[in-house]
Amino acid sequence: MVISVDNLVYYYTKNNYILSDITFNVKDGDRVALIGATGSGKSTLLENLIGLKQPKSGKILINNIHVEDKNLVQVRRYVGFGFQDANDQLFMPTILEDITFGPRNYGVSRAEATDKARFLLAEFGLEAYANRSAHELSGGQRRLAALAAILALEPDILILDEPTTGLDPAWRRKLAQVLLNWLGKALLVASHDLHWLARVTKRALVLHEGKIAIDGEIQPLLQDAQTLENLGLPVDW
Ligand SMILES: Nc1ncnc2c1ncn2[C@@H]1O[C@H](COP(=O)(O)OP(=O)(O)OP(=O)(O)O)[C@@H](O)[C@H]1O
Ligand SMILES: [Mg+2]
């Protein structure tokens, strides 16, 4: 199993359970959407998966490794994580250095890391911005640069939190194509953009009231306006 979550419980303040009992598995080859109303706990769940938050109880395995402090270096080698706020990801003086930073840390040569970074910058239309810093980019450009930095690490598992925020339709389509062509093991992506998700993923996990209310194919769910309404996800308003 690529991701295994067993009876995960999480709260920020006691008696206010954000995740009350979460159990699901993600297999090799899975492309999974994480859906849920604003504040339903999607980001909290994703941050638990990579050890940024520690479950109050329950167990998380990534590539069969227990996600706990002593294993985090190993776990994060497998997982590329895109924060909801791209600013959390970009901290070097230039975008090029942001993208080469991770691979250089893992021992890739400067020349190879730079080649790879330039390829990714071109793929995301950011060649001209290689030597600018993140705060000189637009919100959407920052998001693409952050994704380039993640892909440069060639992760097995890609976990993305709201990757389409701030992207225009052409870039949303381009991002969908990049993810469809991506050859890693498993993709888990949280978004409010249900139609975009339906292009990129096959299966949906819906978070509602601290639980996985639905774990099933995304296409039929998208047709089921009543169920979506009941989950706080109106399709038409
Ligand atoms: N640091 C924190 N301290 C206390 N409560 C928090 C904290 N971070 C998040 N929460 C609460 O936990 C709940 C879940 O937040 P989370 O960010 O996981 O939701 P989300 O589903 O990702 O929402 P969105 O769709 O807006 O991104 C919310 O009610 C939020 O107010
Ligand atoms: Mg969120």
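## Basis of the description

Helices are DSSP runs of type H or I with at least four residues, numbered from the N terminus. The structure described here is a predicted model.

## Ligand site

## Overall fold

The secondary structure of the chain amounts to nine helices and ten strands. Along the principal axes, its C-alpha atoms occupy a box of roughly 50 × 45 × 35 Å.

The radius of gyration of the chain is 18 Å; a compact globule of 237 residues would have a value near 18 Å, so the two agree.

## Packing of H3 against H5

Two packed helices are described by the angle between their axes and the distance between those axes. For helix H3 (residues 95–105) and helix H5 (residues 139–151), the axes come within 7 Å and cross at roughly 25°. Angles under 35 degrees count as roughly parallel, and H3 is therefore roughly parallel to H5. The crossing in which H3 passes H5 is right-handed.

On the H3 side the contact involves Ile95, Asp98, Ile99 and Gly102, which meet Ala145, Ala148 and Ala149 of H5. The residues of this contact between H3 and H5 comprise five nonpolar, one polar and one charged.

## Packing of H3 against H4

H3 also packs against helix H4 (residues 110–123): their axes come within 9 Å and cross at roughly 130°. H3 and H4 are therefore oblique to each other. Here too, the crossing in which H3 passes H4 is right-handed.

From H3, the contact draws on Leu96, Ile99, Thr100, Pro103 and Arg104; from H4, it draws on Arg110, Ala113, Thr114, Lys116, Ala117, Leu120 and Leu121. The contact of H3 with H4 has seven nonpolar residues, three charged residues and two polar residues.

Ile99 of H3 takes part in the contact with H5 and also in the contact with H4.

Terms used. Residues are numbered from 1 along each chain as its sequence is written. Chains are lettered from A and ligands numbered from 1 in the order in which they are written. This is a predicted model: local features need pLDDT of at least 70, side-chain atom pairs count only at pLDDT 80 or more; totals for chains, interfaces and linings use all residues. Axes are lines fitted to C-alpha atoms, for helices over the stretch in contact, and angles run from 0 to 180 degrees between N-to-C directions. Helices (H or I, at least four residues) and strands (E, at least two) are DSSP runs, numbered from the N terminus. Angles under 35 degrees count as roughly parallel, over 145 as roughly antiparallel, 65 to 115 as roughly perpendicular and the rest as oblique. A crossing is left-handed if the near helix is turned anticlockwise from the far one by less than a right angle, and right-handed if clockwise. Two residues are in contact if their C-beta atoms, placed from the backbone, lie within 7 Å. Ala, Val, Leu, Ile, Met, Phe, Trp, Tyr, Cys and Pro count as nonpolar, Asp, Glu, Lys and Arg as charged, and the others, Gly among them, as polar. The radius of gyration is taken over C-alpha atoms; the globule rule is 2.2 Å times the number of residues to the power 0.38.
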